[in-house]
Amino acid sequence: MILLKIKEFRPFLTLSVRLILGPEEDGVLDPDYSIPQISYASTAPELSDDRRYDFFSRVVPPDSFQAQAMVDIILALNWTYVSTIASEGSYGEKGVEAFTQLSKEAGGICIAQSVKIPHNPKLEDYDKTIQQLLETQHSRAVIIFASEEDIRGVLNATKRANQVGHFLWIGSDSWGSKSSPINQFEDVAVGAITILPKRSSIKGFDEYFTALTLENNRRNVWFAEFWEENFNCKLLSASKKEDTSRKCTGQERIGIDSKYEQEGKVQFVIDAVYAMAHALHKMHRDLCPDHPGVCPRLEAAEGKTLLSYIRNTSFNGSAGTSVVFNKNGDAPGRYDLFQFQMTNSSTPEYKVVGQWVENLQLRLEELQWPDGEQEVPISVCSLPCKTGERKKKVKGMPCCWHCELCDGYQYQYDETSCRLCAYDMRPDSNRTSCQPIPIVKLEWHSPWAIIPVFLAMLGIIATIFVMATFIRYNDTPIVRASGRELSYVLLTGIFLCYIITFLMIAKPDVAVCAFRRIFLGLGMCISYAALLTKTNRIYRIFEQGKQTVTAPRFISPTSQIAITSSLICVQLLGVLVWFAVDPPNTIIDYDEQKTINPRLARGVLKCDITDLQIICSLGYSILLMVTCTIYAIKTRDVPEDFNEAKPIGFTMYTTCIVWLAFIPIFFGTAQSAEKLYIQTTTLTISMNLSASVALGMLYMPKVYIIIFHPEMNVQKRKRSFKAVVTAATMSSRLSQKPNERPNGEAKTELCENPAADPMSK
């Protein structure tokens, strides 16, 4: 504040008292006043650009309560992104400064644009202001601390830019409830919320002011200029008013020849003068006790001394309300809140919609908005993020952000962050929390299970039928010639190959997992161990027969069973070691079906058996199968009637093809979301096919003869081992001339009937 000495206050004090109380002193008019002597070169302060009638709003900064009221209005309407307009000068700039500071303290409000209108603005300055505001389209709310002329210029520029209804104005007390700033621009101002200090009409002031004339108010240095503006006339040829040529008569009357309405700040001006008077009175009493007039101490006092007295002054004001000052020198903030609305008659007018007395009281239900909007319009930098989205703040603008979806298996932890769900969880539908991933297993009714189960059931029925037939006709030549002991062992292995289908589909538990480990490779091991023993026996017989007539060792049924059992024990021993190292258990595999879309994610209930362990469990059986195939190839030239050499060969060739197809399918689907189903189905079907090939090629022809052609199931003459060897030798020689025999085979009388083979018993 500019520090002034007491003598520097006197002219202002005298002017203020006379301005309010009038020219009369004890009923006597000032005799020195005359119309011809009025000159613009008076001692009145010169105000620029025809703004002298907005004197108080231009030179007196708005108090902080007004800015606080605006902040509270913004918060009540949930507006977070606003712009400001200020007229250059103390009033506008200080007002915006106070609003900006209070909005920062309140938090949650960001200033999008802060525009200053210069002195002597041109039309393009207002247009530039609107264009700058439109750069932030989402900032519809505009705080405006400006003079009446600037308010009109901004509204006019808004209309020229065809933005009627876009901006939501919040006007300071310079706008208040005045009609002059919005005259002819009512459609642009609809919805504007304005602030005006609570005021009361001062009784007697209207009668006093309307009675003022050029004759009785000669002491007011501004009154002549007011007279010209109010009645649109000129008093002197040297008058600065150039928009009219009409001469003032001096007989014009305020309120009759012109519109009149008591200025809302009258009570505050009166209270200001009384505050000065009370302060001077107390100051005189303290500094000049028992001394009339101005004493030396009062004469030497500085302005800050008077200021302290003013701030400590309290009295009842002209409107009956108390006048006090806070530590900042502001009187209590009391404001009426207006909104410029369309009435039922489509005539816009100001309507009181609330008040601010230390806190905001705003009647939201009474507010109306441009273009008939029912809900409160939004003025935000960024719209609220949807559920499941996080805010990514824009640097330097806490009210602005980008919304990013919490993707994958993330959920919205708070407004600004996403977090990953636990490995056994997935986000819920709105991504605000996590929920357990559903657990699945291969169901019996699934198409992936129906096909292998159907094949397995057919295979089991066929196996039981063959086994029952062999048992029923156990002593017939065909059954005895096929090697009954190994035949039953082979049928047992085939049966177990079918049974494993049900174990692979059953709901996993410890018992099921244990049986899977045991029987997964056991059925195949038994089958191929028996076939390997058979092919090895045939190979050894015919290879040794080429050199000597002595029968090879370990070709008796007992030896064959022993050899087969030894091969099977290797598989069982491996399973026992597996049990010891890694006891069977169930797990829930969340990785197998953890799809990109978490809604499709499933946890797979399965046995604790890896793909590698499955292949290792089958590896020994596959080794037996390959070895058996090698022997089948080596005995391919043996006459087909000797001990099933050819059927075993075709069986092994087909089985190898089946398992060669199985391996790429099994490992090729390791990354598939349907891994559980594809691998289980592939494995079970491969085992079913292997068993079915062996059953069909090795047993069905015999069963067919036993049932439908019993006349062929008879004992014929026996042949010695020497005869067998002779037949093998001749067969070997004849097979070297394939062009002389169809298919490279020789049919002789010695190898027409296997029933006579003594080594088949």
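Here are a few exercises on this predicted model, each with a worked solution.

Residues are numbered from 1 along each chain as its sequence is written. Local features need pLDDT of at least 70, side-chain atom pairs count only at pLDDT 80 or more, and totals for chains, interfaces and linings use all residues, while side-chain values use heavy atoms, leaving out hydrogens and water.

**Exercise 1. Find out how many helices and strands the chain has, and what share of its residues is buried.**

Step one: count the elements. You get 22 helices and 19 strands, where helices (H or I, at least four residues) and strands (E, at least two) are DSSP runs numbered from the N terminus.

Step two: check burial. Of the 761 residues, 47% are buried (under 20% relative accessible area, 1.4 Å probe, protein chains only).

**Exercise 2. Compare the reach of helix H3 with its expected span, then list its buried residues.**

Start with the reach. H3 covers residues 64-76, which is 13 residues, and runs 18 Å from its first C-alpha to its last. That's close to the expected 18 Å at 1.5 Å a residue (1.5 Å times one less than the number of residues).

Next, pick out the buried residues: Phe 65, Gln 66, Ala 67, Ala 69, Met 70, Val 71, Asp 72, Ile 73 and Ile 74.

Asn 78 follows H3 and has a positive phi, near 60°.

**Exercise 3. Describe how H13 packs against H20 and against H21.**

First, recall what to look for: two packed helices are described by the angle between their axes and the distance between the axes. Axes are lines fitted to C-alpha atoms, for helices over the stretch in contact, with angles from 0 to 180 degrees between N-to-C directions.

Now take H20 (residues 675-698). Its axis lies 9 Å from that of H13, at an angle of about 20°. The two are therefore roughly parallel (under 35 degrees).

Then turn to H21 (residues 700-708). The axes of H13 (residues 447-472) and H21 come within 11 Å and cross at roughly 50°.

Last, who touches whom? Ala 462, Phe 465, Val 466, Thr 469 and Phe 470 in H13 meet Met 700, Lys 702, Val 703, Ile 706 and Ile 707 in H21.

Notes:
Contact = heavy atoms within 4.5 Å. Buried < 20%, exposed > 50% of the residue type's maximum accessible area, 1.4 Å probe, protein only. Parallel < 35°, antiparallel > 145°, perpendicular 65-115°, else oblique.
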